[in-house]
Amino acid sequence: VSGASGSIAYIAVGFSIASVILIACVCCCARAFWRQQAKHPEPDLEAAPVDEADSEPEPTQTAPCGISAQYILNIFPAEACAATGLDNPTFHKICPVLAFGDSGKGKHRICPRDGKMDCSIVDAV
C-alpha cells in the first residue's frame, strides 16, 4: 500500500489495535472491581440503628485529603531546601527530613484514617 491511502490504512489499523487494547483494559479493570466487591460486600446499614448523638465518626470517615498544587509549587520547594540545607535537593535527600523519621511532617500527629500517632506526610500537609 502506498501514498495517502496507505497512510490512512496504517492509521486505521493502529486505531483498531488501540481500541482492542483499550477494551481489554476496561474489561480487566471491571473484572477486578467486581471481584473486589464480591470479597467485601457493602455493610447492611439497616441492620443496626446508630444513635448519631453518641457516636463519633470513625477515623476512616474523614474527608478526602491531598496535597494542593499551590503547596507543591510554592511552599514545598522552600521547605525542602531549608530542611536539607541544599539549594536543589533530590528526592532521596528530602525524604529522611520531611517524609519520615523524627523530623517528618507526620511525626507526633494523629492519623486521620486510623487514629494512631504518627501519620503520613500527605495527611500532615
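1. Basis of the note. Residues are numbered from 1 along each chain as its sequence is written, and side-chain values use heavy atoms, with hydrogens and water left out. Because the model is predicted, local features need pLDDT of at least 70 and side-chain atom pairs count only at pLDDT 80 or more, while totals for chains, interfaces and linings use all residues.

2. Confidence. The mean pLDDT (the predictor's confidence in each residue, from 0 to 100) of the protein chain is 74, and 58% of its residues reach 70 or more. Among the elements, which are DSSP runs numbered from the N terminus (helices being H or I of at least four residues, strands E of at least two), confidence is lowest in helix α1 (residues 3–39), at a mean of 68, and highest in α2, at 87. Where pLDDT is low, the predicted coordinates should not be read in detail.

3. Buried here means under 20% relative accessible area, exposed over 50%, and partly exposed in between, with a 1.4 Å probe and protein chains only.

4. Contacts of Ile121. Apart from neighbours within four places in sequence, isoleucine 121 is in contact (heavy atoms within 4.5 Å) with Leu98, Ala99 and Lys105.

5. Salt bridges. The structure holds two salt bridges, each a side-chain nitrogen of Lys or Arg within 4 Å of a carboxyl oxygen of Asp or Glu. In one of them, glutamate 79 pairs with lysine 105, with the closest N and O atoms 3.2 Å apart; since glutamate 79 lies in helix α2 and lysine 105 in the loop between α3 and α4 (121–124), the pair ties together parts that are 26 residues apart in sequence. Glutamate 79 is partly exposed at 26% relative accessible area, as is lysine 105 at 22%. Aspartate 118 forms a salt bridge with lysine 107, the closest N and O atoms being 3.3 Å apart.

6. Surface patch. Ile67, Ile72, Leu73, Val122 and Val125 form a nonpolar patch on the surface, with about 400 Å² of accessible area together. Patch residues have over 30% relative accessible area and no salt bridge, with like charges joined within 9 Å and nonpolar side chains (Val, Leu, Ile, Met, Phe, Trp, Tyr) within 5 Å; areas come from the Shrake-Rupley method with a 1.4 Å probe, and for residues only the protein chains shown count as cover. Isoleucine 72, found in helix α2 (residues 69–84), is partly exposed at 40%.
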